[in-house]
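Visitor: Please take one part of this model and look at it closely. I would like its surroundings and its partners.

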Amino acid sequence: MIKLYQYQPSGNCYKVRLLLHQLGVPFETVEMDLLAGAAKTPEFKAKNPAALVPTVELEPDVFLTESNAILWYFAEGTPLIPTGRLERAQMLQWMFFEQYSHEPYIAVVRAWLSLFGVPSGKEHEVEERTRKGYAALGLMERHLQQHAFFAGEHYSLADIALYAYTHVAHEGRFDLSGYPALHAWFERIRAQPRHLLITDSAIARAYGNGTSSQ
């Protein structure tokens, strides 16, 4: 059984849960208490020296890290990765955007304001990160005014990657009321087969043979 080391509220971990659930891939979760330093222990660093989640154990002592790399591994050969050269590159373009121009701002502000508190000495960064988060949301809104999804006109890994932190951006005090195209996209994502909420803790029951510690 695939084992996902995760922190439930993390959007990066949610991406992986959502994808595996939609693909019908059985897995079990191991919840990591990040506040207690669970990812910093020598035992976990032996699995992932970067001490980050998500980390997936594909088979005993075989680990894969980085959320978007994990998405690619499991989705290869499925309709979630476009076969056309341009659409596949566009999907990667948005996945790179998510990690470079979106996650460092929207996800970090959410984590600071809703989960962990603002680290001492980082208070001055909140305004700047919020501004850059709104810039990312504006770019997404403009794209979605013309397109149903982010890679061509079909649901792909780009949508999973971007949805994870965008749909909970309000937890970082981002006001999403002025983004109608974004909200319409949220509804299209939620309408996909086997959609999973970020708060869903019943993953294992969907398969009947796993255990979930979410």
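Guide: Strand 3 (residues 55-59) is largely enclosed by the rest of the structure, because four of its five residues are buried. Buried means under 20% relative accessible area, with exposed over 50% and partly exposed in between, for a 1.4 Å probe and protein chains only. Strands are DSSP runs of E with at least two residues, helices are runs of H or I with at least four, and both are numbered from the N terminus. The model is predicted: local features need pLDDT of at least 70, side-chain atom pairs count only at pLDDT 80 or more, and totals for chains, interfaces and linings use all residues. Residues are numbered from 1 along each chain as its sequence is written, and side-chain values use heavy atoms, leaving out hydrogens and water.

Now the partners. Two strands pair if DSSP finds at least two bridges between them. Strand 1 (residues 2-6) runs antiparallel to strand 3, joined by three bridges. Here tyrosine 5 faces threonine 55 of strand 3 as its opposite residue. Strand 4 (residues 62-65) is also antiparallel to strand 3, with four bridges. Glutamate 57 stands opposite phenylalanine 63 of strand 4. Two residues lie between strand 3 and strand 4 in their hairpin, where aspartate 61 has a positive phi near 70 degrees.

Strand 1 pairs with strand 2 (residues 27-31) in the parallel sense, over five bridges. Glutamine 6 is opposite glutamate 31 of strand 2. From strand 1 the chain passes through helix 1 (residues 11-23) to strand 2, a right-handed β-α-β crossover. Right-handed means that, with the strands pointing away from the viewer, the path from the first strand over the helix to the second runs clockwise.
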